[in-house]
Amino acid sequence: LQLFLDSARPESPGTSPGGPLPVEAVERGVQTIDAMLTSPDAARMGGDPAATFVCLGMALEGKPHLDVGASRCYEMALRHLGKKSAGSWERTIVLQQLGAVCLRNSRREEAQRWLTECAASCEASRGHPRDAVLFGGAFSTKQTRSEFGAMVEKLRAKVCHDLGDDAKAHWHVAEAQRMEASATGDAVERASRTLSDAQPDVGAAGSNGRESAKALWAAHVDQERPLLKYHYVDEGSTVLLTVGLKDQVGVKTEALAEISLQQFRVKCESDSVDILLRVRRDEGALWQYRLLLQPLAHEIVPEDTVPSLRGRDISRRRLEVRLFKRHKDQKWFGDLVSSISTKGSSTKARGERPSHTDSASAAAAVPTALQPLSAEELARLPQPTGGAQADNRPSSWRGAQAISPALGATVKSGLPEGPKAASEALGAHGDASLPGWVDHVARSAAEDAEVISVHLRSCAEIGEIGMEDMELETAAEGLVRLRLRASSKDPGPSKDPGQELEMRAPADTSVEELAARWRRKTRVLELRLPRRRAS
């Protein structure tokens, strides 16, 4: 940019112009830049003169009094692009930039000429400008084909209005609205206009006596049904959505052959696909079937959607909708419909579109941090089962716990009861309290054995205890007794050797084969009782 300005005003290099540049100064600056870009050194470096002139023109647009230089840079970019670029998005975008600069500087006739050429180039270009690599990546746009074309038509409408031709201005406005609507309009109608083999509408009734598509979509619907079965296939840059008709449309099998593409409406947005099908049944009732997929897991380009009716075999009659991905290199797998909407609501595939009222009421019904559950709602929540063995809270939270029904734990002691609160004994020995050195007792069932876990209290409460500090004995009637040795070397405040834990083993286990295991880190004594073998 500075080189252009220094070349345009050689008498005062390094300064910004105080007013509009004369045409001679602009031409002098442009020729200096062009000579530099087309020199042998620049050619060896692989520079692109067209890309450089486009970037220079965009820089000059933002400077006061330099719009004339911007339009001349765009003209030089067109010259370097040459005739080979006809029908390319690079040439189309430069023409649009040039027309917009001329319109902004009240050069209306020039703007009309450039924008007319831009509209023709846009019609000849393929794909979308957002997908094209423009000037080696130096320029980019997020517009689709329809969005770019609508913008050009609005600029043409402004030019015609400034020139006093209101009739043409209104036509260009209508054309811009048509292009904008085509992006999210009915894909079947769009395909019928562009495909040469599309089936024509034949007025009120066709030659075969069937109702025309126009009359069918104007008639009153007697009943609505959902389309629930569909599948899709990722095909690279596109996704093929298939909806089978045989098992979903309530007509006779031979009547499926008479269903035409004009009986469908396929409306797409960037995050949704809405498919409608109208069928006249034998009794004269008009049924409408609907498949709504919203929100899609990934974005699509709605204006590129291509529907087609396939299956010569009646049993394989189906609608195929080809969806074009917004991000071509993104793999689609899993659910086609996302469970979380990008607009803040959770939806899924269903037969009808949710209203704004329904979405608001559904969102209000979901409790949040600002809408906590009431006492009645908390009482209705599921409760954990399994007693102490399913409780993962700290011992200080558990308080009095119920011993597992199969254990029937009691305490044998001639001394006062320990500090542990009384536990409800569900075995044969009645109510009793646990020894002061036992926190709780739990049971777990394995396939070949029953495991009783005796959890001891913490070191701070009863001190250090090991396997050598405990005595374990069994009785023939299925009793298991556990006590602390009287010679325990580290008596804690709650470790009373006079207290004994007595447990009844389940009837189907063998007390004679009892195996004990001490887990030091968790302070748990595991008693494994093998099940009796069936004789």
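In which loop is Pro 295 found? Select Pro 295: this residue is found in the loop between strand 6 (286–293) and strand 7 (306–310). Helices (H or I, at least four residues) and strands (E, at least two) are DSSP runs, numbered from the N terminus.

Before the next stop, please note how the model is described. It is a predicted model, in which local features need pLDDT of at least 70 and side-chain atom pairs count only at pLDDT 80 or more, while totals for chains, interfaces and linings use all residues. Residues are numbered from 1 along each chain as its sequence is written, and side-chain values use heavy atoms, with hydrogens and water left out.

**The whole protein**

Display the entire protein as a cartoon. It contains 15 helices and 18 strands. Of its 535 residues, 43% are buried; buried means under 20% relative accessible area, exposed over 50%, and partly exposed in between (1.4 Å probe, protein chains only). A contact means heavy atoms within 4.5 Å. Among the contacts with a separation of 6 or more, 59% join residues 24 or more positions apart.

**The largest nonpolar core**

Next, select Phe 4, Phe 53, Leu 60, Leu 78, Val 94, Phe 135 and Phe 148. These are the residues with the most contacts inside the largest nonpolar core, which has 44 residues. A nonpolar core is a set of buried Ala, Val, Leu, Ile, Met, Phe, Trp, Tyr and Cys residues joined through side-chain atoms within 4.5 Å. In soluble globular proteins, nonpolar side chains tend to be buried together.

Which elements give two or more residues to this core? They are helix 1 (2–8), helix 2 (23–37), helix 4 (49–61), helix 5 (67–81), helix 6 (89–104), helix 7 (108–124) and helix 8 (145–162). Helix 6 gives the most, with nine residues.

Centre the view on Phe 4. Not counting residues up to four places away in sequence, Phe 4 touches Leu 21, Val 26, Gly 29, Val 30, Ile 33, Leu 56, Leu 60 and Gly 69. Apart from this core lies another, of 33 residues, among them Ala 187, Val 243, Cys 268 and Trp 287.

**Two helix pairs**

Select helix 2 and helix 5. They pack at an angle of about 40°, with their axes 10 Å apart. Axes are lines fitted to C-alpha atoms, for helices over the stretch in contact, and angles run from 0 to 180 degrees between N-to-C directions. Helix 2 is therefore oblique to helix 5, since angles under 35 degrees count as roughly parallel, over 145 as roughly antiparallel, 65 to 115 as roughly perpendicular and the rest as oblique. Helix 2 passes helix 5 in a right-handed crossing. A crossing is left-handed if the near helix is turned anticlockwise from the far one by less than a right angle, and right-handed if clockwise.

Then select helix 6 and helix 8. Here the angle is about 30° and the axes are 11 Å apart, so the two helices are roughly parallel to each other. The crossing of helix 6 and helix 8 is left-handed. Residues that meet across this pair include Trp 89 and Ile 93 in helix 6, and Phe 148 and Leu 155 in helix 8.

**Two loops with positive phi**

Select Ser 106, in the loop between helix 6 and helix 7. Its phi is near 60°, a positive value in a residue other than glycine. Is Ser 106 buried or partly exposed? Ser 106 counts as partly exposed because its relative accessibility is 45%.

Move to Arg 523, in the loop between strand 17 (515–519) and strand 18 (524–530). Arg 523 has a positive phi of about 55° although it is not a glycine. With 9% relative accessibility, Arg 523 counts as buried.

Finally, select Thr 474 in strand 14 (residues 470–474). Its C-alpha atom and that of Val 511, 37 residues apart along the chain, are separated by 6.7 Å. Leaving aside neighbours within four places in sequence, Thr 474 is in contact with Leu 479, Val 480, Val 511 and Leu 514.
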